[in-house]
Amino acid sequence: MKAINNRDYSTLIAAATQKIPCDLTVKNVKLVNVLTGEIYPASVDVKDGIIVHVQPGEACDSQSKTTVDGQGKYLLPGFVEIHMHVESSMLTPERFGREAVLHGTTSAMTDPHEIGNVCGMEGILWMVEDAKRSPMRQFNLASSCIPADAEFETVPFPIRAPQMAQLLDSPGVYGIAEVMDSNAVITDQPFMRDILAEGRKRDVVIQGHAPYVTGRNMSAYRLAGVMNTHTVLSAEDVRECMRIGMHANMQCSSLSTMFGLQKMVKGTEGMRYLDFLSVCTDDVHAKDMQQRGHVNALLRALLDAGVDPMDAIRCCTWNPARETGFEDIGAIAPGFAADMQLVDALDGRDPDTVFVGGKMVVADGNLLLPPVPERPAPFANTVQIQPITAEDCLLKVPSANVEIAAIECASGNRLEFTAEWETLPIVNHAVDLSGKPDYCFVAVFNRFSRGTKCIAVYKHFGLKAGAMATTISHDCHNIIVAYRDPADGAAAVNRLRETGGGIVAVKNGAVIGEVCLPVAGLMADVACAELVDKLDTLSEQLKTIWAEENPSLLKLSLLALTVMPGISMTDTVMVDGSTRTRVPSFRAKENADGIN
């Protein structure tokens, strides 16, 4: 598979042999050769967006229309992101690409899973089209698990085998995105078997998602045709995946830490070959990308962990390109796309200059593109819920003789929640948290006209007053709201209904801050810097209702992720992902069984 097709090979041969001039020469550089592990002086010739010659040494006899003096900087391939969700940046694909390329990312395998849950195939195909306007290459995959968890979740436009076949036959779709329902794969459920069969018959990439899957179950998952997983969580996970030929994509996202990636690297100790090792961001928010970087931030983390610099660079370029089957990205050599970056040092810093297909898109760290024209937001009316009242936000119980399931983060781990049965005050057949400052309510309201909801209690969430709500709740993206006062909770939900989605904070019944995300309630069609300014403003406003110094804008989002172990919430019930069982919000006290 190639990123650049329809090549005029006669023209490329003529340019390589100097029978015709090249379009571009980048000279006076220290070439980072990921094919051999060498770094040496060189110049690079480009024709029709493709590298046609690499001349070692400091001398340059090329005849090109344009020559760029690299001034002795390092020239390395553009970074290749192996797995991510553009929607998690809260930017549209075009806007995301404009920011990511500033950090040296020139290609990304993207999963439009989030908008797929909201808008189905129409949303996925819109992402494919918008990505074409991006300055970087975005290779969209067909989202495989919509809903993410067929046992507990519902979405308006499910993806099954017929829809998967249609997507895989659509231009701009390159494979099957992360197969999140690993249980359905391992137990060979017919609906999942049929989805995977569509990918296998076309011999396309099938990406994975298999947290806590090991041993024979991992072998079964691999045998189904899945070729990687970005949910390796430990050194042991990395080691097991690589040993069986499963690509380990070490994740460092806005929801995890660089320290976790550095621990995962230890799984490669004693290994001679690291060809099956890559890194990915998965979910990176606009502010984190602007301040920390994109794939280059992960390169820094690998270097900090003591990984050999060339191995670290290969994990960000050559390895992910080979993993996805692309023959012409991830290296600087004849026949490869001229996706390159110039940097002063190999330490994960932002590049000075970036080329994509031989076109200079970044110079002196600045984007060389005209502004994006204004346009109406697509999918602006996806929050389909009737107005609610404070009464709708009460956790009602049949009597005072009940215990309440109180949710809490497991040892501060944002990826796993626990719950314990507790006795809490009951007033007028509803749970009363007015005397419990460390507790709040959390509720999930269906946003797709179903009228369903689930209300629970959250312990040590960090909310001291008011309410916070968002339409970003992985993966169905129903409305999820945390509140101390049911009236504030209702006001927050109703505001999201009015704006079409986003993030909102309410205090004393009034909106005190918000970030509107009109594109499916997930994205804003604005520049990254503008979005970050809005998020910063909201963060300051949140401090008036938040007990912690640095409020997390998206702390609620993962609580709705049923495919992870631990407690989660849907719009109908709480779920224990470890045991695949439903958990009620309350129970009669005589029922003494614990929450598994």
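1. Aromatic cluster. In this predicted model, ring pairs join Phe-417, Tyr-458, Phe-461 and Trp-546 into a cluster. The search of the whole structure returns 9 aromatic pairs.

2. Tyr-174, with a relative accessible area of 24%, is partly exposed.

3. Nonpolar cores. The largest nonpolar core has 145 residues, and the members that touch the most other members are Val-179, Met-250, Leu-302, Met-340, Ile-407 and Leu-531. Helix α3 (residues 113-131) gives the most to this core, contributing 8 residues.

4. Surroundings of Leu-302. When neighbours within four places in sequence are left aside, the contacts of Leu-302 are Met-250, Leu-261, Val-265, Val-279, Val-307, Ala-312, Cys-315 and Cys-316. Among them, Met-250 is also listed with Leu-302 among the core members that touch the most others.

5. Parallel sheet. Three strands form an open sheet in the order β11-β12-β13, with parallel pairing. Strands β11 (228-229) and β13 (277-280) stand at the edges with a single partner strand each, so one side of each has no neighbour in the sheet. Between β11 and strand β12 (residues 247-251) there are 2 bridges, and these strands run parallel. Thr-229 has Ala-248 in β12 as its bridge partner. Helix α8 (residues 235-243) packs on this sheet and touches β11, β12 and β13, its direction making about 155 degrees with that of β12.

6. Strand β24 and its partners. Strand β24 (residues 467-470) directs Ala-467 and Ala-469 one way and Met-468 and Thr-470 the other way, and all of these residues are buried. Pairing with strand β25 (residues 479-483) is antiparallel over 4 bridges, and Ala-467 is placed opposite Tyr-483 of β25. Strand β24 also pairs in the antiparallel sense with strand β26 (residues 502-507), over 4 bridges. There, Met-468 has Ala-505 as its bridge partner.

7. Phe-441. This residue lies in strand β22 (residues 439-445). Phe-441 is buried, with a relative accessible area of 3%. Which residues does Phe-441 contact, leaving aside its neighbours within four places in sequence? They are Leu-395, Val-431, Leu-433, Ile-455, Ala-456, Val-457, Val-481, Ala-482, Tyr-483 and Arg-484. The C-alpha atoms of Phe-441 and Val-457 are separated by 4.6 Å, although these residues are 16 residues apart along the chain.

8. Thr-11. Helix α1 (residues 9-16) contains Thr-11. The side chain of Thr-11 makes a polar contact of 2.9 Å with the side chain of Asp-8. Not counting residues up to four places away in sequence, Thr-11 touches Ile-20, Lys-47 and Asp-48.

Key:
Residues are numbered from 1 along each chain as its sequence is written. This is a predicted model: local features need pLDDT of at least 70, side-chain atom pairs count only at pLDDT 80 or more; totals for chains, interfaces and linings use all residues. Side-chain values use heavy atoms; hydrogens and water are left out. A nonpolar core is a set of buried Ala, Val, Leu, Ile, Met, Phe, Trp, Tyr and Cys residues joined through side-chain atoms within 4.5 Å. Buried means under 20% relative accessible area, exposed over 50%, partly exposed in between (1.4 Å probe, protein chains only). Contact means heavy atoms within 4.5 Å. A polar contact is a pair of N or O atoms within 3.5 Å; within protein, one must be able to donate a hydrogen and the other to accept it, and residues adjacent in sequence count only if both atoms are side-chain atoms. Two strands pair if DSSP finds at least two bridges between them. Axes are lines fitted to C-alpha atoms, for helices over the stretch in contact, and angles run from 0 to 180 degrees between N-to-C directions. Rings of Phe, Tyr and Trp (its six-membered ring) pair if their centres lie within 6.5 Å; planes under 30 degrees apart count as stacked, over 60 as edge-to-face and the rest as tilted.
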